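I opened this structure to look up which charged side chains pair with one another, and I noted each pair in turn.

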Amino acid sequence: MNYTIKEIPFGSRPQILDFNDLGEINYSIGKGKNKIYIKRRKLELITSSGKRALEYETLELIKLKTT
């Protein structure tokens, strides 16, 4: 999993405004015998202070209970 944050400083917690499913991405790291092929999905979250990107192989969302 890879989580990248590109946001400006913000006085409170940023709100998620929108998201983009960027689909499946494929890339490789290393050379020769050490080359590794990576296949993941990528989501981009648009927040009130910038963008966040999440790359994952598998993802499970949970619903929080509210009282």
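**Notebook: salt bridges**

R52 lies in strand β4 (residues 50-56) and E7 in strand β1, so the pair ties together parts that are 45 residues apart in sequence. Strands here are DSSP runs (E, at least two residues), numbered from the N terminus.

I noted that this is a predicted model, in which local features need pLDDT of at least 70 and side-chain atom pairs count only at pLDDT 80 or more, while totals for chains, interfaces and linings use all residues. Residues are numbered from 1 along each chain as its sequence is written, and side-chain values use heavy atoms, with hydrogens and water left out.

I then found E55 in a salt bridge with R40, their closest N and O atoms being 3.5 Å apart. E55 lies in strand β4 and R40 in strand β3, so this pair ties together parts that are 15 residues apart in sequence.

I also looked up K51 and E44, whose side chains meet in a salt bridge (3.9 Å, N to O). E44 is found in strand β3 (residues 36-47) and counts as buried at 18% relative accessibility, whereas K51 is partly exposed at 42%; buried means under 20% relative accessible area, exposed over 50%, and partly exposed in between (1.4 Å probe, protein chains only).

Methods
Helices (H or I, at least four residues) and strands (E, at least two) are DSSP runs, numbered from the N terminus. A salt bridge is a side-chain nitrogen of Lys or Arg within 4 Å of a carboxyl oxygen of Asp or Glu.
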